[in-house]
Amino acid sequence: MTAYDEMRTAAGAVRPAYSLLSNWLGTVPKDVLDYRRREAEFIFRRIGITFAVYGDAAAQERLIPFDIIPRILTQREWDRLTRGLIQRVKAINAFIGDIYGKREILSAGIVPEELIYRNPVFRPEMNGKPVPHDLYVMIAGIDVVRVDENDFYVLEDNARTPSGVSYMLENREIMLRLFPELFIDHPVAPVDNYPDELLATLKSVAPLTASGEPTVVLLTPGIHNSAYFEHSFLADKLGVELVEGRDLFVKNGVVWMRTTEGPKRVDVIYRRIDDDFLDPLVFRPDSELGVPGLMSAYQSGNVTLANAVGTGIADDKAVYSYMPEIMKFYLGEEPLLKNVPTWRCREPDHLSYVLDRLDELVVKEVHGSGGYGMLIGPAADKNTLDLFRVKLKHDPSNFIAQPTLALSTCPTFVEQGIAPRHVDLRPFVLTGRDKVRIVPGGLTRVALKNGSLVVNSSQGGGTKDTWVLDR
Amino acid sequence: MLSRTADNLYWLSRYVERAECLARILDVASRLASLPAAYGGSTNEWESAVATAGCVDAFAAAHGEANEKTVTEFLAFSPDNPSSIRNCLEIARTNARSVRTALTVEMWDAINGAWHDLNSFDARGMSREEFARFLGFVKEASLRFDGSAYRTMLRNDAYWFSRLGVYVERADATARILDVKYHVLLPEKERVGGPLDYFQWASILRSVSALTSYHWVYRESVKPWLVADLLILNRQMPHSLASCYENISRYLDDLAAFYGRQGNSQRIARTTLTKLSNARMEQIFQSGLHEFINNFVADNNRLSAAVAEQYLV
């Protein structure tokens, strides 16, 4: 399986967008690259960009490897991608609103009812409850991959609490610091206005009862969360308070935060904490991370949660397989970004197909994330395949399967030198009451191991700076 | 500002200041303990280091005898001593992580860098020379953190809470040094300072980094009552109780003006400052140095509780 390389054509010619970078890579000595890579690592560690790996007590604070060779997209590629992203997120919002509203898509028989009603991330508490400005997903991270010159596939929609945007911002900062000369030759579209765009988005969705200048906070589970660095980083850039559940309380249907000057009203909560932990009175009673009464304030329309509660039904991997139909249903349009063909193991004929070709397919848990609990057929040994066969037969509806895509590759600085490695891309789509905002760039994740297709940081993936050329 | 943020800032500064204070205590103890026996007398410097650090009971529970090995291990590195230097820096850094957004990059860099460097020191089998380097590292980490705060923070409530932490902790540390050593400062013995006394007095000055300052202020040989004056009443001396309270009172007033509201902590700070401003050393010696110090410690604790109640919960 030969993958599409973003720098070179199959014949070995350098694509125009990469020509300057390729020249530069040809002249810069390896030890200079090596030195700057180590410098980058040092800076990352000093500023504390680390993440925790679940189940890995020894390495509680680990660094995501950073690759110093940027990934380049042309303006044309980016424009096409942007149109597809806007379309997709629009459909996702319409779908969630419909599911917690009239349920027309279920009546029309397009998405099977039990896929929603028996879905653990479906929140009956949201049935018939309006949300401010009918927006559910204000911050989306859509994972896309390329397989050829023209096509982007959506691999996964992240409609709950997508993370990674701090890497987009910090990777750019580091590149500007380490390789200023590259930015003189390349017209790279800036990304550092992301926090401004995010704040504008969050303020635009404040409830109507909020005062003229709404108070926005970022709700984090706390310093033990794997994405805590990002939470504090974003709160800082946004200029909003980084709160934990214990800093908030609810009184008379309104959310307040405890400050040195007494209680202060909160209008918009950018929450980076899962539904399950939001409010112990409604969801998990043992949660100490949430705020008792938050859901009642939310349902009274006195506070906006971004994203809304119950958006998980839109990024469920089984629902994913219906996205083309969902988009046609709400927008009457053909999807601009493709869906990866997906077999739903809950359907018997799909299951038997998957079992027959297990060694060719990628199998994912319907609610999995972070690359945990995933099978890559072509790379798996016999024991793993057998294990997954048992799992699939035991609980088929928990799995989907997809063909193993040949993700595109980008030049990457690895031990052996510069070599192509597989990448994906997570751009961030901000949807406000007024408009949709997308910063030109995103988080490029790269599988550092030769041949590996798994880009997740928890599985040894790294990141790259993503350049959209403004010309 | 969030109460929790204020609380974290306050304690972050307290723990960094405490780490530095412990480093100075250990420095002084090593210095006294390394004097020839003839100059060292019968006092056990390691015991008094434990007392000055305020952890006599915890130490007794963990170790039997106080000697160089047990005390340096306990005060500098022990994971079981909540106030060991290691734990102070650890807690400070945890607090800093929780309030990253309220810190400047320079402050975060100082504390996070110190925390990373801390792990490069291997506590086991550390030579005296390495240990001295370790203490130097702790003092520098504190200076860097403090300097970063001073030079880079906005002058708003975050800064004032952070400063309050420094001075409340420092007042407490100076008071504990006085409490442990008060008997060598009493003037009535009127000893012509023998070599032992000189080293004791000098060590007190060193433990608040004021040996040189002493000579500049008094232009005299080291006299115990002047040492007491310097540590308690002299406002020129940054570690004196009076100077600490001048600062505490000032930052609490800044907070009150900023928030437009006064409270208990402002009243207590002002009363304590007035007491220190009106006091004369002769009076203090007359009515009892030890009692004076005890009262001060109680006042300082009341202040700390009032700050917590007014702002931090």
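Mentor: Look at how H9(B) goes past H16(B): the crossing is left-handed. Keep in mind that this is a predicted model. H9(B) covers residues 157–185 of chain B and H16(B) covers residues 289–312, and the two pack at about 165° with their axes 10 Å apart. An angle over 145 degrees counts as roughly antiparallel, so that's what H9(B) and H16(B) are to each other. On the H9(B) side, the residues making the contact include B:Leu164, B:Val168, B:Ala171, B:Asp172 and B:Tyr182, and H16(B) answers with residues including B:Ile293, B:Phe296, B:Val297, B:Asn300 and B:Leu303. Sort that contact by class and you get 13 nonpolar, three polar and two charged residues.

Now for another neighbour of H9(B). Helix H3(B), residues 45–52, packs on H9(B) at an angle of about 140°, with the axes 9 Å apart. That angle makes H3(B) oblique to H9(B). Here the crossing is right-handed. B:Ser48, B:Ala51 and B:Thr52 of H3(B) meet B:Arg176, B:Ile177 and B:Val180 of H9(B). By class, that contact comes out as three nonpolar, two polar and one charged.

One last thing, about the chain as a whole: 17 residues of chain B are in contact with 15 residues of chain A. The elements of chain B giving two or more residues to that side are H1, H6 and H7, and H7(B) gives the most, with four. That side of chain B splits into six nonpolar, six polar and five charged residues.

Notes. Residues are numbered from 1 along each chain as its sequence is written. Chains are lettered from A and ligands numbered from 1 in the order in which they are written. This is a predicted model: local features need pLDDT of at least 70, side-chain atom pairs count only at pLDDT 80 or more; totals for chains, interfaces and linings use all residues. Two residues are in contact if their C-beta atoms, placed from the backbone, lie within 7 Å. Ala, Val, Leu, Ile, Met, Phe, Trp, Tyr, Cys and Pro count as nonpolar, Asp, Glu, Lys and Arg as charged, and the others, Gly among them, as polar. Axes are lines fitted to C-alpha atoms, for helices over the stretch in contact, and angles run from 0 to 180 degrees between N-to-C directions. Angles under 35 degrees count as roughly parallel, over 145 as roughly antiparallel, 65 to 115 as roughly perpendicular and the rest as oblique. A crossing is left-handed if the near helix is turned anticlockwise from the far one by less than a right angle, and right-handed if clockwise.
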